[in-house]
Amino acid sequence: MTLSLSQKQVRRIVLAAQGFGQRGLPQASALQLRRTHDRLGLFQIDSVNVLTRAHYLPAFSRIGNYDPALLERDAWGPKRQRRMFEYWAHEASLLPLDLHPNLRWRMAKAERGEAGYVGLRRFATERRAEADAILDRIRIDGPLTAAAFEDGKSRSGWWDWSHTKHALEWLFWAGLITTATRRGSFARVYDLPERVIPQAIRDLPTPDAATAQRHLIDRSARAMGVATAADLRGYFRLKPNEGDHAIAALAEQGSLVPVKVQGWSQKAWMHRDAKFPRPRQGAALLAPFDPLIWERGRAERLFGFHYRIEIYVPQDKRTHGYYVLPFLLDEALVGRVDLKADRQAGVLRAHRIALEPNAPPETVERLTIELDRMAIWLGLASVSVGEMVRTS
């Protein structure tokens, strides 16, 4: 039996599944941070620091003010305190440690040369000796950055990567090395998994690929509430042949419930544990790589909100700005703000605010509160607002 849902019902289910409306105490705890990370299943990593790096923002959007040092300790702290590890999931991501066994099939696939771009796959075969030599150096010398293999010189942009950097990236995909910590301008420091991942996690049994893929789809469905098959696969970047069998198996056992969503042409699924919440009230600024909106087509289906990040667009061709955060108000996306943390001046600069046609009268007041909260969280003394427009 297929359940019919309205757009309003779906938005409420999705926002609840994503953990919005959890703000409480003036300062969120380490436990709240970990619960948020576990609920989402990952924080997508991004190095752009014009505001703050994107992996810090999803927790702030959901639980409010928290100490970023808590995330850094869980991600890159001492081995005994680790709660996260870095690997390729949606994109490069910080993942809960208990997901490690369920991504080993992907590591094994990379090690066999069956994943990644052509230049990467060669290190599994004809260039394996080069990769092994790099691995041996890390094993002997300890944690190293890519620059350590280039006599202190590093190159920016993946298109300029040296052969060594490609080899390091293949070793990372294959799970033969991992991230020990981050240094300087967010450079990854590589080390052996046995020196980074706690023994208790490495001792967990490795499920077969099909079982692991079912787990990942289930985790995706819990995090999204209601989703199409493409949405479910995309959360952890599963291909159709990796995700569709898992969707079918979970549907057969009743974990996924088929739903028809008003206005959606695609068939959708709802996790059986999804909540049907009451109307939601709250506000949040969303990172460009927040799981709620990182798939732009899904954001349009859910909220009727067309969003594209313009970091790589020439300045004179940008519509909304360089680093633009959508503004979630109650159950709708009602605006977007081009933000910059001017750390030298101690100012959070909202260069441009664009309100959607459906933005209610209280939008500016509610947005001002959120900007003030963000400034406090970032340790900035004030907020400066520039141009404000209403889109048509």
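Predicted model: local features only at pLDDT ≥ 70, side-chain atom pairs only at ≥ 80, totals over all residues.
Strand 8 and strand 10 (residues 268–271) run antiparallel, and 3 bridges join them. On the sheet that holds these strands, helix 10 (residues 209–224) packs against strand 8, strand 9 and strand 10. The direction of helix 10 makes about 85° with that of strand 10.

## The sheet as a whole

Strands of a sheet pair through backbone hydrogen bonds, and they can do so parallel or antiparallel. Here we have an open sheet of 4 strands with mixed pairing, in the order 1-9-10-8. Strand 1 (3–5) and strand 8 (226–228) sit at the edges, each pairing on one side only. On average, neighbouring strands are turned by 45° against each other, ignoring direction.

Helix 1 (residues 7–17) packs on this sheet too, touching strand 1, strand 8, strand 9 (256–261) and strand 10. Its direction makes about 95° with that of strand 1.

## The whole protein

In total, the protein has 14 helices and 15 strands. Its radius of gyration is 22 Å, close to the 21 Å from the globule rule for 392 residues, so the protein is as compact as a globular protein of that length. If you want a box for the C-alpha atoms, roughly 65 × 60 × 40 Å along the principal axes does it.

As for burial, 54% of the 392 residues count as buried. The exposed surface comes to about 17,500 Å², with carbon and sulfur atoms supplying 51% of it. Among contacts between residues at least 6 apart in sequence, 65% join residues at least 24 apart.

Methods
Residues numbered from 1 in each chain as written. Heavy atoms only, no water. Pairing = 2+ DSSP bridges. Helix = DSSP H or I, 4+ residues; strand = E, 2+ residues; numbered from the N terminus. Axes fitted to C-alpha atoms, helices over the stretch in contact; angles between N-to-C directions. Contact = heavy atoms within 4.5 Å. Rg over C-alpha atoms; globule rule 2.2 N^0.38 Å. Buried < 20%, exposed > 50% of the residue type's maximum accessible area, 1.4 Å probe, protein only. Areas by Shrake-Rupley, 256 points an atom, 1.4 Å probe, with all protein chains shown as cover.
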